Structures are given as structure tokens and as C-alpha cells.
Amino acid sequence: MLNACIPHGRTPPRRAPRPGPPPTTIVRPNPQELTECHVDLARAGVQFRVLPDQVFSGGCSALGAVQLLDIGVPVTNLRAMTCPLALAFVHWAREAVQPAAAQYLGTRVTRVETFGTYSCRTVDSVPGARLSEHARANAVDVSGFTLADGRHVSVQQDWKGEDERVRRFLRAVHREGCRRFAIGLSPDSDAYHYNHMHFDMGRGPYCR
Ligand SMILES: [Zn+2]
């Protein structure tokens with residue numbers, strides 16, 4: 001299926017050795033596009049650092065990745081992200097999350113909480129399944145938001161919670177995420193996403 005996630009905190013299972021060619025081709029980003037992406041991040045006033053390319057076993061990699069250091073709002077657990085993912089995330093946080101918080105909740109988001117970005121694992125952690133976009137630092141899992149008025153919004157607690165305004169806020173940021181990322185998944189997509197929204201820059205579009 002799609003780029004489903006596993007509940008976090010578990011160790012990805014080891015892939016059984018298989019004969020034949022490696023299951024995944026390492027695709028390096030186009031250098032010119034990468035440079036343009038760095039320029040776009042700098043123009044957006046983002047503080048970031050360029051990470052060295054890394055190739056891991058099992059076809060996992062972090063190529064052309066950056067680490068966002070300051071995008072104007074604190075974000076937890078952001079480490080290696082492909083540059084297009086990072087750029088989409090910046091625009092989403094600024095142009096979707098903050099306006100939605102103002103519109104539906106009458107406040108600002110002071111912290112975006114994520115479960116992270118890079119993780120070497122297959123889709124749903126099924127041995128032999130194709131690699132998750134997380135295995136290429138090309139996905140991010142958003143779990144919640146801290147608000148300026150002290151409230152906390154959790155995807156797990158509030159996606160189907162009692163507060164209609166909070167539900168509408170979460171659906172708005174998910175819907176807007178689908179416009180900026182290739183794929184957007186929510187607790188409505190499948191059981192693996194009960195506690196977060198998954199966004200990636202893989203092959204889309206897909207939004208659920
Ligand atoms: Zn994910």
C-alpha cells in the first residue's frame with residue numbers, strides 16, 4: 001500500500017537476505033535543483049544546515065538532506081530531511097498551520113511536534129516490502145501542536161475528539177499538507193496513522 005508508518009519507538013525489523021540485485025536504486029538529487037532548493041530556503045529566512053550525503057545498508061539513504069534549525073516556530077525531532085520536503089514543511093508551517101490556528105482556534109502555534117523524519121524501514125515495517133519514504137529522509141510524521149494559550153492539540157486524542165474547532169483545525173492542516181506535499185495521510189487513512197499525520201515527497205498525489 002502507501003507509505004504507511006509504524007508505531008514509533010520500535011526497532012525496524014531486519015530484512016532477510018535475498019538473492020539478486022539490491023531492491024532499491026539509490027537516486028541522487030539533481031545538483032542544480034538542490035542548489036535552487038537551498039536558495040529557496042535561504043530566501044525564506046530559514047536557518048538550516050546542509051548534511052553530508054549518507055548511504056546506509058538496506059537501501060536506506062539521506063541524500064541532499066538538510067536539517068532545519070529555525071523556521072520561525074520551534075519543531076521537535078526534525079533531523080535529516082530532503083530539501084524539497086524541508087521547503088514544503090516550512091511553507092506548510094507558516095502558510096497553513098498558523099493561519100488555521102488563527103482561524104479555528106483564535107491563537108498561534110508555538111510548537112509543532114513530530115515523531116521525526118528519517119527512519120530506515122519498509123512500508124508498515126513488513127519484511128521485503130518496499131522502503132518507506134522515511135528510509136530516504138523524505139517523510140515527516142506530525143503528532144501534535146502546542147498553542148500560545150497553553151492548550152495542546154494531539155492528533156491521537158483530538159482527530160476524533162469532542163472539540164469541533166480542534167477537529168476542523170486538524171483537518172485543515174492535513175488538507176493543506178496534501179496541497180504542499182506529494183502524499184498526506186491522517187488517522188482516516190489506516191490504523192497505522194492513528195496518532196500522526198504523515199507527509200512525504202514520494203510519488204503522489206494521494207491524500208487521505
Ligand atoms: Zn510517516
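Q: Hi! What does a side-chain oxygen of Asp163 reach at the start of α4?
A: Hello! In this predicted model, that oxygen comes to within 3.0 Å of the backbone nitrogen of Arg165.

Q: Nice. And how far apart are the end C-alpha atoms of α4?
A: They are 24 Å apart. Helix α4 covers residues 164-180, and its 17 residues should span 24 Å at 1.5 Å a residue, so the two values agree.

Q: Which residues of α4 are buried?
A: Val166, Phe169, Leu170, Ala172, Val173, His174, Glu176, Gly177 and Cys178 are buried there.

Q: Ok, so how far is it from N to O between Arg180 and Glu95?
A: Their side chains meet in a salt bridge at 3.9 Å, N to O. This pair links distant parts of the chain, with Arg180 in helix α4 and Glu95 in helix α2, 85 residues apart.

Q: How many salt bridges does the structure hold?
A: There are nine. Another one joins Arg121 and Asp141, whose closest N and O atoms are 3.7 Å apart. Arg121 sits in the loop between β6 and β7, while Asp141 is in strand β7, so the pair ties together parts 20 residues apart in sequence.

Q: Is Arg121 buried or exposed?
A: Buried: Arg121 has 4% relative accessibility. Asp141 is buried as well, with a relative accessible area of 0%.

Q: Switching topic: what's going on with helix α1? Which of its residues are buried?
A: Leu34, Cys37, His38 and Leu41 are. Looking down the axis of α1, the buried residues fall within an arc of 100°, so they line one face of the helix.

Q: Why would residues a few places apart point the same way?
A: An α-helix has 3.6 residues a turn, so residues three or four places apart end up pointing the same way.

Q: And which residues are exposed on the other side of α1?
A: Gln32, Glu33 and Arg43 are exposed there.

Q: What covers the buried side, then?
A: The cover over the buried residues of α1 includes β1, β4 and α2.

Q: Last one: which residue caps the N-terminal end of α1?
A: That's Asn30, with a side-chain oxygen 2.8 Å from the backbone nitrogen of Gln32. Just after α1, Gly45 takes a positive phi of about 75°.

Notes: Residues numbered from 1 in each chain as written. Predicted model: local features only at pLDDT ≥ 70, side-chain atom pairs only at ≥ 80, totals over all residues. Heavy atoms only, no water. Buried < 20%, exposed > 50% of the residue type's maximum accessible area, 1.4 Å probe, protein only. Helix = DSSP H or I, 4+ residues; strand = E, 2+ residues; numbered from the N terminus. Arc of directions from axis to C-beta. Contact = heavy atoms within 4.5 Å. Polar contact = N/O pair within 3.5 Å; in protein donor to acceptor, adjacent residues only side chain to side chain. Expected span 1.5 Å × (residues − 1). Salt bridge = Lys/Arg side-chain N within 4 Å of Asp/Glu carboxyl O.
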